[in-house]
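Please look over the sequence and the model shown below before reading the points that come after them.

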Amino acid sequence: DGCGHTVLGPESGTLASINYPRTSPNSTVCEWEIRLRPGQRVQLKFGDFDIDDSDSCHSSYLRVHNGIGPNRTEIGKYCGFGFQMDGLITSKSNEVTVQFMSGIHTSGRGFLAAYSTTDKSDLITCLENASHFSEPEFNKYCPAGCVIPFADISGTIPHGYRDSSSLCMAGVHAGVVSNTLGGQINVVISKGIPYYEGSLANNVTSKVGPLSTSLFTFKTSGCYGTLGMESGAIPDSQITSSSVLEWPNQTGQVNIWKPENARLKRVGPPWAAFISDKHQWLQIDLNKEKKITGIITTGSTLAEYFYYVSAYRILYSDDAQKWTVYREPGMDKDKIFQGNTELYQEVRNNFIPPIIARFFRINPLKWHQKIAMKVELLGCQFSIGRAPKITLPPPPQNKNDEKNADFVDDFIHSVKTSLQTDKTTFTPEIKNTTVTPSVTKDVALAAVLVPVLVMVFTTLILILVCAWHWRNRKKKTEGTYDLPYWDRAGWWKGMKQFLPTKSVEHEETPVRYSSSEISHLRPREVPTMLQTESAEYAQPLVGGIVGTLHQRSTFKPEEGKEASYADLDPYNSPIQEVYHAYAEPLPITGPEYATPIVMDMSSHPSTALSVPSISTFKAAGNPAPPLVGTCNKLLSRTDSASSAQALYDIPKGQPGPGTAEQLMYQVPQSVAHPTGCKDE
């Protein structure tokens, strides 16, 4: 009468004293006999141990024995408040007896322990939670029987579970492990969230939880996708039922709650049976064998119709003729799945191991008012493979439970049932894989043509890119005064625009003429050259450069006294800063653009060294003073009436000097020059 929560699985289990975690009653006793398959040993791990030791383990204690029966030998006798037992207690054989004795005491919670085979070195108990581990990811083995009433969990999948939740109980809720079998869990720790939802799944209720610093989730095989009820991938013709509810409403219109209405999250009424008894069913044809890992159900989802199914069985078949009821391994009874507790909430149940079948049937056993539900199936495609080899371990025996005597027969029956459902030994269809000679030739030809075509297209693309790049670069390199390509009258006419009569050097380099070059210059050649055809465009006046005056000038040459080049060289002083002076456009009667201004030094006047600047153009009116050996510089442009030194040229097209009101003059830009000059 001292046995508390107990689940004895074939490879693992959980056992606790009566009334745990509250104080155990006085004068109680319980004995557990655990038997594994031959060749294996048992390991025992305590999650909590709190037994009164006031009489030195005389009346209250826990004793562990090797073996079962009168020939068993004692491994150890334990008692104490808050006793911490590090490590595992390991047996020498596949059989272990655990005996709990509770004498007269006033306190003490008793104990909770888990067992498994010795190959599960990462065994934990049902009381462990994520906060007990510091690793961001770890694997642990959960024993069977971790759905315990005194443990809490908060959260759900896929969002995660609060770090204070029991790891193994959360694993059962998530459908990762079975409560009757236990199993391996792969836990991943991550940052917590402000709010944890609650849900009902696999007979475990998850509560709403507040903010936590961390949460955990489980790594799974990924076979938990929806199979097509909600999305419509399963057509209406493949959803059938035993009966359909039909009834007229107040307006006389007949309402039919057909089986195709049983789609999860579909707006409107659900499927409902015409008669509410245990012989009704809803059947889904998946069109081919699939791996079914779970089911989600809801009630009617209509507030005015409070209908839902609270418990049901699952049947499956390959031909819709012979049906098998789902049972958990080692159990001789059909598994009864917990359904809904109200009409809106989604309740999930997982199948461990999964069901491999084409036809799936739900048989309601309990309901509220009427049988009505909406469903969705979870799973994935089924790949054919060899069925795993299953061994039959001996069951553990509870001395106080006479039903465990038939455990072996029940386990064999359940394994046979599961083997009948996993029909995976299909004969594969063998296809001819020999390649004919014609196919081989085509393959070889394609292997040659494809690279050639790729190279050809690549070359064409490169040519087009290069041509486009060259064209853009050509446009960018055109000079400011160059002729547009589409406006050139001819090649030679355009080329003459770029060929001066005398080549010049860089604009910052002073030009010097030898005495032989000066002697060949004729001062009066300039007016004759000015009468030639005017150019369409002008080129910049290069300061500091003196060349012979060539044709197409837009300005009238200087008249008056011809200065001799035998005078002091006015170009001996280098010019450090030069501004280009440009001519303004010609009059309307003339060409569109003006050509460069060319200075004729033979007609320039001389001035004293004290004069700061001399204009390069003739003024209307008085003749210029004679040229004296000085530095010639451009006159600073000024609009002030006080500048008496400003000299202006006569625009092209005027017959001669006129009145000041009739003439418009070109004013050269100001150029700042150094004051010092160097004599030759």
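The briefing below goes from the whole chain to its sheets, its cores and a few single residues.

This is a predicted model. The secondary structure of the protein chain comes to 6 helices and 28 strands, and buried residues make up 43% of its 680 residues.

**The chain as a whole**

- Among the contacts that join residues at least 6 apart in sequence, 75% are between residues that lie at least 24 apart.
- The accessible surface of the protein chain comes to about 37200 Å², and 55% of this surface belongs to carbon and sulfur atoms.

**An open sheet of five strands**

- An open sheet is formed by 5 strands in the order β10-β13-β16-β12-β11, and the pairing is antiparallel.
- The edge strands of this sheet are β10, covering residues 137-142, and β11, covering residues 155-156, each of which pairs on one side only.
- Helix α1, made of residues 167-174, lies across β10, β11, β12, β13 and β16, and it runs at about 50° to β16.
- Asn 186 is found in strand β13, and its side chain makes a polar contact of 3.4 Å with the side chain of Asn 139.
- When residues up to four places away in sequence are not counted, Asn 186 touches Glu 137, Phe 138, Asn 139, Thr 217, Phe 218 and Lys 219.

- Strand β4 is mostly covered, since 8 of its 9 residues are buried.
- β4 pairs in the antiparallel sense with strand β9 (residues 110-117) over 8 bridges, and 2 bridges join β4 to strand β7 (residues 89-90), which also runs antiparallel to β4.
- Leu 44 takes part in these pairings, standing opposite Tyr 115 in β9 and having Ile 89 as its bridge partner in β7.
- Ile 51 counts as buried because its relative accessibility is 3%, which is under the 20% limit used for buried residues.
- Leaving aside neighbours within four places in sequence, Ile 51 is in contact with Ser 60, Tyr 61, Leu 62, Cys 79, Gly 80, Phe 81, Phe 100 and Gly 110.
- The C-alpha atoms of Ile 51 and Ser 107 are separated by 7.9 Å, although these residues are 56 residues apart along the chain.

**Nonpolar cores**

- The largest nonpolar core has 27 residues, and those with the most contacts inside it are Ile 295, Ile 314, Phe 351, Ile 355, Phe 360 and Ile 362.
- Two or more residues of this core come from each of the elements β22 (282-298), β23 (308-317), β26 (347-368) and β27 (372-381).
- A second, separate core has 25 residues and includes Ile 34, Val 64, Ile 89 and Ala 113.
- Beyond residues up to four places away in sequence, Ile 314 touches several residues, including Ile 295, Val 325, Tyr 326, Phe 337, Phe 351, Ile 355, Phe 360 and Ile 362.

**Backbone features to look for**

- In general, most residues other than glycine have a negative phi, and most peptide bonds are trans.
- The peptide bond from Ile 157 to Pro 158 is cis, with omega near 5°, and Pro 158 lies in the loop between β11 and β12.
- Another cis peptide bond runs from Ile 352 to Pro 353, with omega near 0°, and the place of Pro 353 is in strand β26.
- Asn 287, which is in strand β22, has a positive phi near 75° although it is a residue other than glycine.
- Ala 320, found in the loop between β23 and β24, is not a glycine but has a positive phi of about 65°.
- Ala 320 counts as partly exposed because its relative accessibility is 23%, a value that falls between the 20% limit for buried and the 50% limit for exposed residues.

Note on methods:
Residues are numbered from 1 along each chain as its sequence is written. This is a predicted model: local features need pLDDT of at least 70, side-chain atom pairs count only at pLDDT 80 or more; totals for chains, interfaces and linings use all residues. Side-chain values use heavy atoms; hydrogens and water are left out. Two strands pair if DSSP finds at least two bridges between them. Helices (H or I, at least four residues) and strands (E, at least two) are DSSP runs, numbered from the N terminus. Contact means heavy atoms within 4.5 Å. Axes are lines fitted to C-alpha atoms, for helices over the stretch in contact, and angles run from 0 to 180 degrees between N-to-C directions. A polar contact is a pair of N or O atoms within 3.5 Å; within protein, one must be able to donate a hydrogen and the other to accept it, and residues adjacent in sequence count only if both atoms are side-chain atoms. A nonpolar core is a set of buried Ala, Val, Leu, Ile, Met, Phe, Trp, Tyr and Cys residues joined through side-chain atoms within 4.5 Å. Buried means under 20% relative accessible area, exposed over 50%, partly exposed in between (1.4 Å probe, protein chains only). Accessible areas come from the Shrake-Rupley method with a 1.4 Å probe; for residues, only the protein chains shown count as cover.
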